[in-house]
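Me: I have a structure open and would like to go through some of its local features with you. Could you start with the backbone and then move on to how the helices pack?

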There are 2 protein chains.
Amino acid sequence: MSTRRAPTLEDVAARAGVSRATVSRVVNADPRVRATAREAVSRAVTELGYRPNRAARALVKRAPDSVAVVVPETDQRVFSDPVIMEMLRGISEGLEETPLQMVLVLGRAGRDTDRLERWLRGGHTDGAIVLSAHLDDGVTSALSEIGLPTVMIGRPPGPEQGLPFVDLDNVDGGRQATDRLVARGCRRIGTVAGPVDMAASRDRLAGWRESLGAAGLADDAVEHGDFSSEGGRLAMRRLLAAHRDLDGVFVASDLMAAAAVSELQAAGRAVPGDVAVVGYDDSPAAQLTVPRLTTVANPGDRMAREATVMLRELLAGRPVSSRVLPTHLVEGGTA
Amino acid sequence: MSTRRAPTLEDVAARAGVSRATVSRVVNADPRVRATAREAVSRAVTELGYRPNRAARALVKRAPDSVAVVVPETDQRVFSDPVIMEMLRGISEGLEETPLQMVLVLGRAGRDTDRLERWLRGGHTDGAIVLSAHLDDGVTSALSEIGLPTVMIGRPPGPEQGLPFVDLDNVDGGRQATDRLVARGCRRIGTVAGPVDMAASRDRLAGWRESLGAAGLADDAVEHGDFSSEGGRLAMRRLLAAHRDLDGVFVASDLMAAAAVSELQAAGRAVPGDVAVVGYDDSPAAQLTVPRLTTVANPGDRMAREATVMLRELLAGRPVSSRVLPTHLVEGGTA
DNA sequence: ACAGTACGTGAGAGCGCTCTCACGACGCGG
DNA sequence: CCGCGTCGTGAGAGCGCTCTCACGTACTGT
């Protein structure tokens with residue numbers, strides 16, 4: 001019943017009748033080992049159930065082996081955000097072919113910042129990817145100070161910390177969405193924007209303004225939602241109450257857009273007949289609406305994947321610069 | 001510009017004028033070091049920016065240092081499930097005070113099972129926690145075969161693999177919800193159940209049946225939804241069409257319940273006046289409804305936290321048995 | 001005054017692995 | 001038949017850390 005020591009290279013070597021070095025070569029697929037020796041080793045490995053000790057290996061080859069994925073779980077919003085999961089998947093896929101492990105670090109800014117910072121300083125990982133949908137929470141400044149190779153997903157709000165980021169072009173996304181409404185002939189275009197403290201919301205709103213400005217239309221019909229379904233419904237209701245002549249609306253998230261569409265229909269407006277709607281995210285869940293939402297692609301997984309590429313560059317000692325990925329409109333039936 | 005070697009214990013020792021052992025003691029907060037020595041070391045540590053090498057440390061103290069958190073991302077459903085995030089947070093919190101790192105492993109069953117299994121066999125971590133909201137995907141059997149200390153969150157559907165699990169008492173939850181409707185005087189009670197392939201849905205449905213059976217009421221008003229808002233709305237619509245005399249509904253998730261409430265209201269039924277509704281999850285997002293949902297607590301974070309406790313027992317070599325945590329009704333205004 | 005007992009410290013042996021280096025056994029051309 | 005290159009292999013030196021053990025040194029009690 002004693003938990004017997006795990007077999008080591010030494011044990012395998014003894015069993016196979018070769019030296020440690022040879023076993024190491026076989027395990028690491030070094031070609032210059034005679035076939036007979038290789039087989040003997042392989043047999044010994046399986047017989048003993050040998051598994052290389054990760055720590056020992058990491059100790060000697062000083063290569064990076066793990067990256068922290070920091071999710072500053074600031075509030076309930078992030079929490080229910082499917083995009084977070086999508087990004088995690090993107091990172092996971094981007095790291096798939098590398099020996100890098102993805103160490104998840106959750107923490108609520110404010111409450112956990114100290115702990116988080118201490119942990120990051122602890123040198124547990126060789127790099128970090130920060131999902132920063134939010135206002136600066138102290139973590140980013142800590143990271144840039146520590147000097148840990150870091151990539152931010154989503155342009156950090158507030159002053160630049162000098163950390164490279166990947167982001168999607170939310171300004172252009174908002175513009176494309178609104179351009180579509182304009183091109184359709186809408187003259188009175190409102191927007192259900194996202195939370196004011198998120199860079200993505202602000203950018204989409206800016207894009208909406210730019211498009212309207214270029215078209216010479218008014219840009220005063222704005223209501224903010226919290227990116228949730230219910231928030232979208234309420235914002236749409238307020239928007240409609242304040243501007244009864246609305247014939248087009250850009251809603252800054254699909255979840256909100258789906259709710260907005262049903263709110264409009266409940267109010268007796270045909271979509272897109274009376275009011276055209278463009279959403280944002282191209283999220284699968286919100287594509288169940290009838291008619292299917294016209295929306296803007298917002299591939300969080302691609303962004304995340306890009307972040308892993310950048311981080312690997314950093315780990316290799318090469319400098320990287322921030323990237324802003326293009327978005328595009330996804331055709332649907334609501335605009 | 002050469003990437004100079006990171007400072008080691010040796011360097012710190014030299015700078016502080018003590019031995020490696022003393023530095024090690026200071027770093028590890030060993031009390032038996034004279035204050036003066038301790039200060040000298042601390043100073044040297046900060047001056048040099050010394051950070052202990054995790055690999056070396058792990059090599060010598062053969063203590064477990066990381067656990068895999070396997071999220072079998074089977075389909076879109078999990079993806080948008082806020083409960084997953086809640087569980088991740090619970091695990092994160094449960095591991096907070098331990099040296100264990102949380103290594104996230106995402107993988108879609110089927111497509112990624114091989115890769116996942118290979119990875120798990122690779123011995124990258126010392127244990128695993130599996131978020132198993134789904135039908136068996138091969139990962140669990142692999143884990144029980146490998147012998148890696150593992151705890152499942154959510155009772156695995158299908159045959160027991162001998163792996164310990166934590167779960168919430170969904171049968172009792174369904175029963176409590178329905179008992180409430182019965183106690184309120186409802187005589188014609190339907191349910192919007194969850195997906196048929198999930199243990200949690202099946203258990204809640206079973207609880208609903210038990211309660212109705214005990215009360216001598218019919219249990220034929222059943223519709224299934226996919227746990228999404230839209231799915232709940234549609235299921236409610238079908239349920240109402242099939243059973244116009246409904247005076248009570250147990251909806252197996254808050255997201256669906258919120259949609260069901262608005263669907264009922266749209267159909268001209270007062271809630272809870274004409275039809276009483278009980279949801280499930282006590283999710284913050286779905287608590288925004290007016291009136292506030294009467295629902296069943298479903299603390300994923302507590303379950304996850306319990307899983308970390310169990311895993312730590314396993315890692316310490318002690319046997320553990322599965323646990324089913326109690327749930328309770330949360331008062332609201334819809335029943 | 002001396003043994004006994006802390007207590008703080010340093011020397012040094014590993015932990016399991018990789019990797020360089022050297023060495024013997026070949027095969028080749030001259 | 002000798003020198004040379006090639007190939008497969010083993011010996012052994014670390015990687016950075018922890019931890020045991022032994023050794024002062026400074027207290028106690030008698």
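Reply: Gladly, and bear in mind that this is a predicted model. A:Asp282 is partly exposed, with a relative accessible area of 28%, and its phi is near 50°, a positive value in a residue other than glycine.

Me: Where does A:Asp282 lie in chain A?
Reply: A:Asp282 belongs to the loop between β9 and β10 (295-296) of chain A.

Me: Switching to peptide bonds, is the one from B:Val271 to B:Pro272 cis or trans?
Reply: The bond from B:Val271 to B:Pro272 is cis, with omega near 5°, and B:Pro272 is placed in the loop between α12 (254-266) and β9 (276-278) of chain B. In chain A, a cis peptide bond joins A:Val271 and A:Pro272, with omega about 5°, and A:Pro272 is found in the loop between α12 (254-266) and β9 (276-278) of that chain.

Me: OK, helices now. How do α1 and α3 of chain A cross?
Reply: The axes of helix α1 (residues 9-16) and helix α3 (residues 35-48) of chain A come within 9 Å and cross at roughly 125°, and α1(A) and α3(A) are therefore oblique to each other. Their crossing is right-handed.

Me: Which residues make that contact?
Reply: From α1(A) the contact uses A:Asp11, A:Val12, A:Arg15 and A:Ala16, while α3(A) brings A:Ala40, A:Val41, A:Ala44, A:Val45, A:Glu47 and A:Leu48. By class, the contact of α1(A) with α3(A) has seven nonpolar, no polar and three charged residues.

Me: What about α1 and α2 in chain B, at what angle do they pack?
Reply: Helix α1 (residues 9-16) and helix α2 (residues 20-27) of chain B pack at an angle of about 105°, with their axes 8 Å apart, and that makes α1(B) roughly perpendicular to α2(B). The contact is made by B:Leu9, B:Glu10, B:Val12 and B:Ala13 of α1(B) together with B:Arg20, B:Val23 and B:Ser24 of α2(B), and its residues divide into four nonpolar, one polar and two charged.

Me: And why are α7 and α8 of chain B described as roughly parallel?
Reply: Helix α7 (residues 113-121) and helix α8 (residues 139-146) of chain B pack at an angle of about 20°, with their axes 10 Å apart, and because angles under 35 degrees count as roughly parallel, α7(B) and α8(B) are described that way. The crossing of α7(B) and α8(B) is right-handed.

Me: Last topic, the core. Which residues have the most contacts inside the largest nonpolar core?
Reply: The largest nonpolar core has 52 residues, and those with the most contacts inside it are A:Leu88, A:Ile153, B:Leu88 and B:Ile153.

Me: What is B:Ile153 in contact with, leaving aside its neighbours within four places in sequence?
Reply: Leaving aside those neighbours, B:Ile153 has contacts that include B:Met87, B:Ile91, B:Ile129, B:Val166 and B:Met303.

Note on methods: Residues numbered from 1 in each chain as written. Chains lettered and ligands numbered in written order. Predicted model: local features only at pLDDT ≥ 70, side-chain atom pairs only at ≥ 80, totals over all residues. Heavy atoms only, no water. Axes fitted to C-alpha atoms, helices over the stretch in contact; angles between N-to-C directions. Helix = DSSP H or I, 4+ residues; strand = E, 2+ residues; numbered from the N terminus. Parallel < 35°, antiparallel > 145°, perpendicular 65-115°, else oblique. Left-handed = near helix turned anticlockwise from the far one by under 90°. Contact = heavy atoms within 4.5 Å. Nonpolar A, V, L, I, M, F, W, Y, C, P; charged D, E, K, R; others polar. Core = buried A, V, L, I, M, F, W, Y, C linked by side-chain atoms within 4.5 Å. Buried < 20%, exposed > 50% of the residue type's maximum accessible area, 1.4 Å probe, protein only.
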